[in-house]
Amino acid sequence: MRKKSLFIASVVSLSLSLLTACSIPWLESNEAIPENKILRIMESNQISNLDSAKYVDIVSWNILYNVNEGLMRLGPNNRLVNGMAESVEVSPDKKTYTFKLRDDAEWSDEEPVTAHDFEYAWKRALDPRIKSEYAYILYPIMGAEEYNKGRGSANQVKVKAIDDHTLEVRLKQPEHEFLSLTTQSTYFPQRKDIVEKYGEEYAKSPDKMVYNGPFIIDSVTPTQVRLLKNERYWDKDTVQLGQVDVQVQADTSKRINFYNSGKADITKIDSEFVYAFKQTTDYTSLELASSQYLLMNQSKPFFKNPNIRRAISLAIDRNELVDRVLKDGSKPAGALIPPALSVEGQSFRQRAGGEVVGHNPSLAQTYFNKGLRELGLTRPPESIVMLSFNDQRSYVALSIKEQLKAKLGLEIKLNTLPRKTKVDHELKGEFDMTMSSWFADYSDPIGFLEIWTANSGLNYMKFNNAAYDRLIKQAKAAASHNKKTSLMIQAEKLLVGTGEGQQAALVPLYYETNSFLQKPYVKGLHRHPYGAEYDLKWASVDGKQ
């Protein structure tokens with residue numbers, strides 16, 4: 001949120017004291033791994049959970065993605081490649097998928113990976129008692145949503161291990177991107193015997209779990225996660241790295257010091273350092289399938305008025321936010337769905353004809369005055385509070401505050417909070433406006449749109465529009481990509497557009513870009529605009545001294 005999602009409603013508070021340094025017995029060896037087989041990566045945040053049914057943060061997702069594998073994997077150039085599934089058959093109505101698992105797929109303790117491990121893991125994530133934040137990603141499966149919401153049973157979830165190597169999945173309706181969904185960590189297999197053996201302690205240390213991906217976790221401390229090559233992985237000959245050290249350091253300048261001193265091969269940098277390194281050969285960036293936006297609480301009378309919402313969207317100069325505030329390569333957003341997401345090989349933004357909204361201060365003032373009259377107000381309320389993140393985005397919030405004051409005379413009070421506290425306020429509806437974001441879990445643009453339907457648990461702003469809900473329902477049931485894309489374009493315009501009849505329900509701000517420093521000898525590390533941030537399977541450090 002991953003979100004794998006940055007917008008995920010509730011962050012698991014797992015103390016890293018539980019994730020103590022603990023080497024796995026069968027990996028103990030006196031043989032030193034050569035430097036040209038070791039990759040060192042700097043991360044800014046600690047992991048929160050190693051249970052693929054319960055994780056919520058992107059750093060945990062990055063680790064899990066590289067130590068486990070689903071039926072499919074996101075390969076080079078963001079193309080799907082076979083993972084645990086050797087083949088898949090799809091029924092003519094596109095609603096039944098039959099996966100054949102590899103005969104040579106094994107867990108790190110040499111037990112075979114079976115179809116039963118997938119059935120167990122998916123139903124476990126859907127179990128209401130688990131309270132998985134990502135359970136909804138399994139909802140395309142028939143019976144999944146009903147079970148997760150307490151209206152059905154596990155037996156009614158239509159995923160079934162026909163035998164050890166055959167998994168049958170029946171969907172509620174055709175799902176064009178279902179294979180992409182199976183790359184997600186929630187779709188990873190889990191061993192019932194291991195989960196039940198350790199109970200509440202499962203996945204709280206590396207020796208209380210097993211792995212079926214390119215790497216295994218050797219040890220975890222609050223400042224470092226060490227991965228080692230998984231010699232039981234079915235495609236181990238492709239894996240070039242013997243060891244990966246993921247080092248945690250929140251301070252960007254310290255991460256850069258590690259990088260410059262040769263103690264790290266890759267580090268993420270933020271806006272204040274991008275300008276200094278942008279012209280160097282070590283600098284690289286990736287445009288993410290991620291949008292930052294402003295939510296307006298439509299349970300509040302002031303923001304229930306569409307003309308007020310239109311005015312706020314039109315008043316904000318997004319170029320100001322990215323060029324003068326962020327300066328990190330992010331792009332101004334005039335819509336919700338980012339350019340990094342494609343449909344049938346073409347950017348969704350191109351298919352949609354470009355952006356939906358822009359900057360128009362004079363029209364913003366017209367709409368604002370009209371909205372005030374409709375509300376019986378002669379001036380805007382002075383008690384409006386906007387929640388913002390306590391990182392570099394706090395400067396974006398300050399710019400928004402200044403712009404709305406200058407262009408509309410709207411006074412905003414900023415409440416800058418740590419992420420967990422901010423999310424708690426959002427869950428309870430305790431906000432007028434809030435900065436938020438969505439990071440694509442998979443390749444389908446529908447993920448950006450479906451969370452704003454009336455019954456969505458992630459619809460914090462309480463937007464409720466029957467026409468919008470119908471469009472999303474029709475898009476999800478569409479028989480062709482063209483029809484689905486057409487309906488999504490209509491839905492997006494209705495949601496964020498500022499024209500008459502359009503709702504301006506949220507205010508797009510910018511599309512995110514991640515910036516990195518990476519040593520020239522690092523090869524084959526594939527970064528993805530959605531899902532896990534990077535894949536280590538094909539990476540190497542050829543030429544490292």
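Reader: Which helices each supply at least two residues of the lining of the second largest pocket?

Author: In this predicted model, the helices α3 (144–148) and α16 (466–477) each supply at least two residues of that lining. The largest share, four residues, comes from α16. The lining has 34 residues, and Tyr136, Tyr139, Glu145, Lys149 and Lys476 lie nearest the centre of the pocket, while the space inside the pocket comes to about 1,100 Å³.

Reader: What makes residues of this lining count as nonpolar, polar or charged?

Author: The class follows from the residue type: Tyr counts as nonpolar, whereas Glu and Lys count as charged. Sorted in this way, the lining of the second largest pocket has 15 nonpolar, seven polar and twelve charged residues.

Reader: What lines the largest cavity, and why is such a space called a cavity rather than a pocket?

Author: It is called a cavity because a 1.4 Å probe fits inside but cannot get out, whereas a pocket is an open set of points. The lining of the largest cavity is made of Ile41, Met42, Glu43, Ile266, Thr267, Lys268, Phe516, Leu525, Arg527, Glu533 and Tyr534.

Reader: Why is threonine 186 called buried?

Author: The relative accessible area of threonine 186 is 2%, and buried means under 20%, so threonine 186 is buried. Threonine 186 is found in the loop between α4 (178–181) and α5 (192–198). Not counting residues up to four places away in sequence, threonine 186 touches Ser52, Tyr55, Trp122, Ala125, Tyr134, Ile137 and Leu138.

Reader: Is glycine 376 buried or exposed, and how do you know?

Author: Glycine 376 has a relative accessible area of 65%, and since exposed means over 50%, glycine 376 is therefore exposed. Glycine 376 is also found in a loop, in this case the one between α12 (361–374) and β16 (385–389). From C-alpha to C-alpha, glycine 376 and tyrosine 202 are 58 Å apart in space, and they are 174 residues apart in sequence.

Reader: What makes arginine 232 count as partly exposed?

Author: The relative accessibility of arginine 232 is 32%, which lies between the limits of 20% and 50%, so arginine 232 counts as partly exposed. Arginine 232 has its place in the loop between β9 (224–229) and β10 (243–248). Leaving aside neighbours within four places in sequence, arginine 232 is in contact with Glu106, Trp107, Ser108 and Glu110. Arginine 232 and proline 112 are 120 residues apart in sequence but 10.0 Å apart in space, C-alpha to C-alpha.

Reader: How do you know that strands β6 and β7 pair?

Author: Strand β6 (residues 159–163) and strand β7 (residues 166–170) are joined over four bridges in the antiparallel sense, and because two strands pair if there are at least two bridges between them, these two strands pair. One of the bridges links aspartate 163 to its partner threonine 166 in β7. The two strands form a hairpin, with two residues between them.

Reader: Where does pLDDT stay under 50?

Author: This happens over residues 1–30, for which the model has 107 contacts beyond four places in sequence. For the protein, the mean pLDDT is 90, and 94% of the residues reach 70 or more.

Technical notes. Residues are numbered from 1 along each chain as its sequence is written. This is a predicted model: local features need pLDDT of at least 70, side-chain atom pairs count only at pLDDT 80 or more; totals for chains, interfaces and linings use all residues. Side-chain values use heavy atoms; hydrogens and water are left out. pLDDT is the predictor's confidence in each residue, from 0 to 100. Contact means heavy atoms within 4.5 Å. On a 1 Å grid over the protein atoms alone, a cavity is a set of points where a 1.4 Å probe fits but cannot get out, and a pocket is an open set with protein on both sides within 12 Å along at least five of seven lines; lining residues have an atom within 4 Å of a point. Grid points are joined across faces, edges and corners, and a volume is the space filled by probe spheres set on the points. Buried means under 20% relative accessible area, exposed over 50%, partly exposed in between (1.4 Å probe, protein chains only).
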